[in-house]
Amino acid sequence: MGHFCYFCGELKSNEAFSGKGHRRHLCRACNSIPAAEREESELWGRLHDLMDQSNISKKNIVWLKSLLEHSNQLIRAHAQLILHVAEVAPFRKKRYQRISVFSTKLLERCIDAGLLYPPDSEWGADPSSDEDPEENNEPF
Ligand SMILES: [Zn+2]
């Protein structure tokens, strides 16, 4: 039996872990990545996950604001950008359209940052988009 590494998500044998009593299992390969880099990479994933949620919650906004103090400038810029998105279009549904109406500049910045993608099928063509059962979910 092995463990799932919390960082790379891979199931690895016990030998792949350092063997110390960590609360979270981190494999040797990931353990060799500098901690700051690991943290940034995790934050990165969480920031992108926010955009996939059905809505950006108040709790998320508090967290985003805390990131405005982060030492990494890119993290700060992304947090700022998503905060802006949360103001204009907290809901994922029709977010692209809403932002494009509000500000094409913001839209472009989001696309550049890889946070938004031009929807090819979502442009009102998605028949299930009006009944989204996840609408009221607040993950986190
Ligand atoms: Zn790992």
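## Helices, and the one that holds W44

Helices are DSSP runs of H or I with at least four residues, numbered from the N terminus; on that basis, W44 lies in helix 2. The model is a predicted one, and in it the protein has six helices and two strands, which follow one another along the sequence in the pattern β-β-α-α-α-α-α-α.

W44 is partly exposed, because 14 other C-beta atoms lie within 10 Å, a count that falls between the 12 or fewer of an exposed residue and the 20 or more of a buried one. The C-alpha atom of W44 is separated by 8.7 Å from that of H78, although the two residues are 34 residues apart along the chain. E39 is likewise found in helix 2, and with 15 C-beta neighbours inside 10 Å E39 counts as partly exposed. For E39 and F7, which are 32 residues apart along the chain, the separation of the C-alpha atoms is 9.6 Å.

## Confidence of the prediction

The average pLDDT of the protein is 86, and 82% of the residues score at least 70. Confidence is highest in helix 3, residues 58-67, at a mean of 97, and lowest in strand 1, residues 2-4, where the mean is 90.

Over residues 125-135 the pLDDT stays under 50, and for this stretch the model has seven contacts beyond four places in sequence. Where pLDDT is low, the predicted coordinates should not be read in detail.

## Burial and the nonpolar core

Of the 140 residues of the protein, 16% count as buried. Among the contacts with a separation of 6 or more, 39% are accounted for by residues 24 or more positions apart.

The largest nonpolar core has 14 residues, of which L50, I82, V85, I99 and C110 touch the most other members. Two or more residues of this core come from each of helix 2 (35-52), helix 4 (73-88) and helix 6, and helix 4 gives the most, with four residues. In soluble globular proteins, nonpolar side chains tend to be buried together.

## The contact of helix 5 with helix 6

The axes of helix 5 (residues 95-102) and helix 6 (residues 104-112) come within 5 Å and cross at roughly 135°. Angles over 145 degrees would count as roughly antiparallel and those from 65 to 115 as roughly perpendicular, and helix 5 and helix 6 are therefore oblique to each other.

On the helix 5 side the contact is made by I99, S100 and F102, which meet T104, L106, L107 and C110 in helix 6. Sorted by class, this contact has five nonpolar residues and two polar ones, with no charged residues.

## K94 and its backbone angle

K94 is found in the loop between helix 4 and helix 5. Although K94 is not a glycine, K94 has a positive phi of about 60°. Most residues other than glycine have a negative phi.

Is K94 buried, exposed or partly exposed? K94 is partly exposed, because 18 other C-beta atoms lie within 10 Å, whereas a buried residue would need 20 or more.

Definitions and conventions: Residues are numbered from 1 along each chain as its sequence is written. This is a predicted model: local features need pLDDT of at least 70, side-chain atom pairs count only at pLDDT 80 or more; totals for chains, interfaces and linings use all residues. Axes are lines fitted to C-alpha atoms, for helices over the stretch in contact, and angles run from 0 to 180 degrees between N-to-C directions. Angles under 35 degrees count as roughly parallel, over 145 as roughly antiparallel, 65 to 115 as roughly perpendicular and the rest as oblique. Two residues are in contact if their C-beta atoms, placed from the backbone, lie within 7 Å. Ala, Val, Leu, Ile, Met, Phe, Trp, Tyr, Cys and Pro count as nonpolar, Asp, Glu, Lys and Arg as charged, and the others, Gly among them, as polar. pLDDT is the predictor's confidence in each residue, from 0 to 100. A nonpolar core is a set of buried Ala, Val, Leu, Ile, Met, Phe, Trp, Tyr and Cys residues joined through C-beta atoms within 7 Å.
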